[in-house]
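User: I should like to understand the reasoning behind several descriptions of this structure. Please set each value against its criterion.

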Amino acid sequence: QNEINDGIGELVKSQASVAYCTEASIQKDVPEEVVAKAVAENKDQIDLYYLESVLVSCGWNKNDDVFTNEATWAARNTPEDKQFNFMHDENDIIGHITGSYVLTKDGKAVADDAPMPEDFDIVTQAVLYNSWTGEENRDRMGKIIAEIQEGKWYVSMECLFAGFDYALIDEKGNAKVLARNEESSFVTKHLRAYGGNGEYEGYKIGRALANISFSGKGLVEKPANPRSVILQNSTAQFSLDNNSELSTG
């Protein structure tokens, strides 16, 4: 109700997806820790081009959206079997996501049934369709694949989320998560996603996404200034602390 009273109720409902860009690269061998999970993947098919990319990293990005360890870990298997499109056009499907695995910050793969690491990335594997009947499509995909090998393309993820909490960092760098409920929802209007400045009474505040589902990927052109598009994560770790309090004064 606070969000409705603040005039941002419809904005909160309409903004339920996030994009994340990272460079596309040729797929490497699957780490031993995740081989069992990848058994069903169709390897070495002449009409498929294999690639992989970092889907998402835990932490705080430049848009003040926060992927907490818990929510990201829970969503680690949701990218599989989702569409791979060209330039985020769902009418231009050029492949699909075949699998995903967790990678620690020091480059170690994590088995699916292992305990959640302290900090990690999710890497996705995917295929592009490189066999087409039409000459125009064959030439187009051949050009795209050649440019991927030259590092000229990025992969852009989108995720859906069904709710969010508030990530808080105080002036000393201490981080925690505050549950979003009727009492705390006055904070929403201060989030940058809804027109605020991202600060409240000495706290830097972000949108900690909840109930995440990674919904697909788009192959997108490499931006002129990658740092303005690629989301840069902080090293702050967030614990789920629903007993935190903020003043409404």
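User: Which residues does T104 touch, not counting residues up to four places away in sequence?

Analyst: In this predicted model, T104 touches V110, P117, D119 and F120. T104 itself is found in strand 7.

User: Why is T104 called buried?

Analyst: Buried means under 20% relative accessible area. T104 has 16% relative accessibility and therefore counts as buried.

User: Which residues of helix 4 are buried, and what covers them?

Analyst: The buried residues of helix 4 are M141, I144, I145, E147 and I148. Because these residues cover an arc of only 165 degrees around the axis, they lie on the same side of helix 4. What covers them includes strand 3 (48–57), strand 7 (89–104) and strand 10 (153–161). On the other side of helix 4, E135, E136, K143 and Q149 are exposed.

User: How does the reach of helix 4 compare with the span expected at 1.5 Å a residue?

Analyst: Helix 4 (residues 135–149) has 15 residues and reaches 21 Å from its first C-alpha to its last, close to the expected 21 Å. Just after helix 4, G151 takes a positive phi of about 80 degrees.

User: Where does pLDDT stay under 50, and why does that matter for reading the coordinates?

Analyst: Residues 224–236 stay under 50 in pLDDT, and the model has 27 contacts for them beyond four places in sequence. For the protein chain, the mean pLDDT is 82, and 78% of the residues reach 70 or more.

Notes: Residues are numbered from 1 along each chain as its sequence is written. This is a predicted model: local features need pLDDT of at least 70, side-chain atom pairs count only at pLDDT 80 or more; totals for chains, interfaces and linings use all residues. Side-chain values use heavy atoms; hydrogens and water are left out. Helices (H or I, at least four residues) and strands (E, at least two) are DSSP runs, numbered from the N terminus. The expected span of a helix is 1.5 Å times one less than its number of residues. Buried means under 20% relative accessible area, exposed over 50%, partly exposed in between (1.4 Å probe, protein chains only). The arc is that of the directions from the helix axis to the C-beta atoms. Contact means heavy atoms within 4.5 Å. pLDDT is the predictor's confidence in each residue, from 0 to 100.
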